[in-house]
Amino acid sequence: MSKANIQSVRGMRDVLPPTSQYFEQVIDTAKRVVTGHGYVPFVTPILEETRLFARAVGEGTDVVEKEMFTFGEDDDSLTLRPEGTAGMVRAAIQHGQLFGTTRFWQVGPMFRRERPQKGRYRQFVQFDVESFGIADASLEVELMLIHADIFQALGLADDIKLEINSILSHASRQQYREALVEYLTQRQDDLDEDSQRRLGKNPLRILDSKNPAMRDVIAQAPVLSEFADDESKRHFDRVLSGLSLAKIDYTLNPKLVRGLDYYNHTVFEWTTNTLGAQGTVSAGGRYDGLAETLGGQSVPGAGFAMGVDRLVLMLEHVSDTPKFSPTLAYVALLGEETKMTGLGVARALRQAFPDEVVLCHLHTGGMKKQLEKANQANCRYAVIIGESELEDDTVTVKNMRTGEQAQVSQTALVDKVKEFEQK
Ligand code: HAM
């Protein structure tokens, strides 16, 4: 057996500081915004029965055909979730949560066996937002307002644009599908191998082909929007007029069909030019038939999933220092005896200033080294406990901005810091 150090699995990253802190920033921001819109947390397992994804995402999709991490055979076959919507709808059916107006969010890792590259990983984090029970087009507009608020709060709004399309009602799309298959069958000799394969299973995805040899076939294919029935037209018109009213800019992209089978009516992607090939930072749409497909009642639904890894890459690009909790104080401790006392002093400060960081020096090292650390931590106060302070239950507190220093009793420290803060 090789004695080489064990490495992480291909495509599955370790996320270290400061990148891990940007992760927290994205997730915290998204949580705050969706909570403000009345969405509540929901947790589903990472492992589900394989047939859930086959049925919900679709047998003919790239995700189900090529990208799933699957274990076991036939009835025992389990899969690491490649996306969150299927599991959320499965759980909502199982626990009777589909009724009334329900708004949920979840965050966690998803798994797809894709070719790894920058912005594309085999384990990645999605912030997933789903809403059940609302058929009206105003739901799509709410989902876009949530996006706009999150991107604005992260300072990324200028670099992310919305692309949107309608893939029509199920009935209209079925008619379109028939016309498309008829056309493509006539041109079967011009189809590449991939498209030949897709023709029977997932003909709409042929329109997504990046092969230049397919360009001519695609250009002359029937056009989806021409098959829209009244319901499809009315719904999409209302989405678009709602977006205009909400002042959310969008680009109509008639080629946008999405790689998962459960959508109807509105589909959308938020994209950026700043990340190269993996520019879609969030995607979603309406999926009114999904609950029924999974054995539940017919309940409308819509949602989206943000690619947290990709938003983090954007943040790393634009900002030098993340806006993490400010460091209030560095507690410098001289000598072993002072350590336990220091922990209590630090705790009192944290309780008085719950949103801030208080660091406690528990290593060895002299005063000079510890004050250097305090400086590096960019803290506003150094709190020093040496032997003399330990003896008379005091601390020395130094205002790092003004240089002002005072020795006070341990119990008076919080008031002294508050006094300094007000100056
Ligand atoms: P999706 O387009 O497959 O949709 O993924 C949503 C987002 O997850 C993508 O736009 C991207 O930001 C991120 N993502 C996907 N694959 C990777 C990867 N390999 N590495 C890094 N990031 C990735 C869904 O998953 C749907 N469940 C979205 C949805 C929710 N629709 C309705 N509700």
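Is the crossing of α5 and α9 right-handed or left-handed? The crossing is right-handed, a term used when the near helix is turned clockwise from the far one by less than a right angle, anticlockwise being left-handed. The model is a predicted one, in which local features need pLDDT of at least 70 and side-chain atom pairs count only at pLDDT 80 or more, while totals for chains, interfaces and linings use all residues. Residues are numbered from 1 along each chain as its sequence is written, and side-chain values use heavy atoms, with hydrogens and water left out.

Helix α5 spans residues 138-153 and helix α9 residues 230-245; their axes come within 8 Å and cross at roughly 35°. Helices (H or I, at least four residues) and strands (E, at least two) are DSSP runs numbered from the N terminus, and axes are lines fitted to C-alpha atoms, for helices over the stretch in contact, with angles from 0 to 180 degrees between N-to-C directions. On the α5 side the contact (heavy atoms within 4.5 Å) is made by E140, V141 and M144, and on the α9 side by H235, V239, G242 and L243. Sorted by class, these are four nonpolar, two polar and one charged residues; here Ala, Val, Leu, Ile, Met, Phe, Trp, Tyr, Cys and Pro count as nonpolar, Asp, Glu, Lys and Arg as charged, and the others, Gly among them, as polar.

Turning to the aromatic residues, the whole structure holds nine aromatic pairs. Rings of Phe, Tyr and Trp (its six-membered ring) pair if their centres lie within 6.5 Å, and planes under 30 degrees apart are stacked, over 60 edge-to-face and the rest tilted. F132 and Y287 pair edge-to-face, at 6.5 Å centre to centre and 70° between the planes. Since F132 lies in strand β6 and Y287 in the loop between β10 (280-286) and α10 (290-293), the pair ties together parts 155 residues apart in sequence. Both F132 and Y287 are buried (under 20% relative accessible area; exposed is over 50%, partly exposed in between, with a 1.4 Å probe and protein chains only). F132 and Y287 also belong to one aromatic cluster with F42, F104, Y262 and Y263.

Beyond neighbours within four places in sequence, G133 is in contact with G100, V299 and P300.
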